[in-house]
Amino acid sequence: MAKVEIKVECHSCGGTGLYKGFAEPPETAVVCHSCGGSGCEILSGTPFTHRKHKRGIRWVMNDGGLWMVRNGKEKRYPVEEFYKE
Ligand SMILES: [Zn+2]
């Protein structure tokens, strides 16, 4: 499916084009660094239609914890159960 683009309000300034934090003097704002003052940003991606299967996966862990402390005994369940939901 073709990618689409949608123009949305800038996530940083809420569509105002201006940013006011603690460091700015009273009643003074700076031009939003994220959108350059336009107040908008473009989101692009492929429209979601359905969840796709991930190739080569047979098991799913809900939370495997941090990878460096896994011991191989984490609870897991068949990927078919995951896609049934
Ligand atoms: Zn902005």
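A residue is called buried here if 20 or more other C-beta atoms lie within 10 Å of its own, exposed if 12 or fewer do, and partly exposed in between, with C-beta atoms placed from the backbone. By this count Ala 2, with 5 C-beta neighbours inside 10 Å, is exposed. The model is a predicted one, in which local features need pLDDT of at least 70 and side-chain atom pairs count only at pLDDT 80 or more, while totals for chains, interfaces and linings use all residues. Residue numbers start from 1 along each chain as its sequence is written.

One helix and six strands make up its secondary structure, where helices (H or I, at least four residues) and strands (E, at least two) are DSSP runs numbered from the N terminus. Read from the N terminus, their order is β-β-β-β-β-β-α. The radius of gyration is 22 Å, well over the 12 Å that the globule rule gives for 85 residues, so the chain is more spread out than a compact globule; the radius is taken over C-alpha atoms, and the rule is 2.2 Å times the number of residues to the power 0.38. Along the principal axes, the C-alpha atoms fill a box of roughly 55 × 40 × 20 Å. Of the 85 residues, 4% count as buried.

The domain assignment divides the chain into domain 1 (1-49) and domain 2 (50-85), with bounds that come from an automatic or database assignment. The C-alpha centres of these two domains lie 35 Å apart.

Within the chain, strands S1 (residues 4-9) and S4 run antiparallel and are joined by six bridges; strands are taken to pair if DSSP finds at least two bridges between them. Glu 41 counts as partly exposed because it has 18 C-beta neighbours inside 10 Å. Leaving aside residues up to four places away in sequence, Glu 41 touches Val 8, Cys 10, His 11, Ser 34 and Cys 35, a contact being a pair of C-beta atoms, placed from the backbone, within 7 Å.

Ala 2 belongs to the segment before S1. Its C-alpha atom is separated by 6.2 Å from that of Thr 46, 44 residues away along the chain. Among contacts in the chain with a separation of 6 or more, 38% link residues 24 or more positions apart.

Technical notes
Contact = placed C-beta atoms within 7 Å.
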